[in-house]
2 protein chains.
Amino acid sequence: MSGKVGMAVEQRDEQRDEQLDEVRWLDARQQASWRAILRGTRLLEGALDGALRGNGVQLSEYEILSMLSEAPERRLRMSELAAMVVQSRSRLTHTAKRLEDRGMVMRESCLDDKRGVELSLTPTGVETIERLSRVHVQSVRDHLVDLLTPAQFAAIGDAMAIVRDHLDPEGRSGR
Amino acid sequence: MSGKVGMAVEQRDEQRDEQLDEVRWLDARQQASWRAILRGTRLLEGALDGALRGNGVQLSEYEILSMLSEAPERRLRMSELAAMVVQSRSRLTHTAKRLEDRGMVMRESCLDDKRGVELSLTPTGVETIERLSRVHVQSVRDHLVDLLTPAQFAAIGDAMAIVRDHLDPEGRSGR
């Protein structure tokens, strides 16, 4: 009886091994690298967000102000902006509303397409991004750039540019 | 009059240049690297999340199931688990509630501390993580590992481990 159970278990294990063989699992080294990337980037985003929140702005809000500040006439279509900061359109709408309530951006109809909506930076928004860019660059240095050698930092940038271009072949995200 | 205004502007510019000098801005190459890292990791998380959502589970939910599946007795304290997946305690509470409603995890008092709460994986949770780990590893390969050389991938892992250890010196995030 126990022999039969043993065989049944063995057969199940064989079937399972066949299934497993189709999957190209990460080896231990790759698994460790992947987890370091996943947790490291999340901790980093948390640290950058924390530094900005201490100054009253979230990271997702900062990115929008930053993209607008670099755009021609400091204005962008909502659809373009969502792609640039890699946020869903609905999340961007919420974030834009919060920034509008604080007088940092204005929502307006597109000049050339009445159905489209553009976001533009107000003078308060310009003042905010000029002030917070100093805070932000310091935390990017403290928690990323200055921890690594220049070659290490450039290597991550090059690798993540490959990932970005693979997932965003049309280059709609902010460069 | 216009001369005075001109001087005032000049003085303001000088003051501003002094302020700017204190800030160690990123150069163009560093700025490009940083944006590739920021957008690339966000696009990557979106792709991994999308692959799992096609199977009914979000990335944040998957990470919790994964950490539980590797823990002794497949159970962890909520506080430990929050640190492991780098989520706020309140966000983890919401995610755990969703997983509990679908029968994948159970919330229980800690065996050794009645005030603490532990999360444990149910048989449904075990089945889910075994099935979805195949989906997940394939998308991690498709959108990251297999796009890079082994040396490139290892280099990002090493660099992000430095960032992780700097922001989490006690090693509370999942390894």
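Me: Hi! How are H3(B) and H5(B) set relative to each other?
Reply: H3(B) and H5(B) are roughly perpendicular to each other (a label for angles of 65 to 115 degrees). Helices here are DSSP runs of H or I with at least four residues, numbered from the N terminus.

Me: Where do these values come from?
Reply: This is a predicted model, where local features need pLDDT of at least 70 and side-chain atom pairs count only at pLDDT 80 or more, while totals for chains, interfaces and linings use all residues. Residues are numbered from 1 along each chain as its sequence is written, chains are lettered from A and ligands numbered from 1 in the order written, and side-chain values use heavy atoms, without hydrogens and water.

Me: Okay, at what angle do H3(B) and H5(B) pack?
Reply: About 80°, and their axes are 10 Å apart. Each axis is a line fitted to C-alpha atoms over the stretch in contact, with angles running from 0 to 180 degrees between N-to-C directions.

Me: And which residues of H3(B) and H5(B) meet?
Reply: From H3(B), Ser60(B), Glu61(B), Ile64(B) and Leu65(B) take part; from H5(B), the partners are Arg91(B), Leu92(B), Thr95(B), Arg98(B) and Leu99(B). Contact means heavy atoms within 4.5 Å.

Me: New topic: what rotation superposes chain A on chain B?
Reply: One of 180°, with 0.0 Å of shift along its axis and an RMSD of 0.0 Å. That is the relation of a two-fold axis.

Me: Which residue of chain A comes closest to the rotation axis?
Reply: Ile156(A), whose C-alpha is 2.7 Å from the axis. Both copies use the same surface, as 100% of the contact residues of chain A recur in chain B.

Methods: Helix = DSSP H or I, 4+ residues; strand = E, 2+ residues; numbered from the N terminus. Parallel < 35°, antiparallel > 145°, perpendicular 65-115°, else oblique. Least-squares fit on C-alpha atoms with pLDDT ≥ 70 in both.
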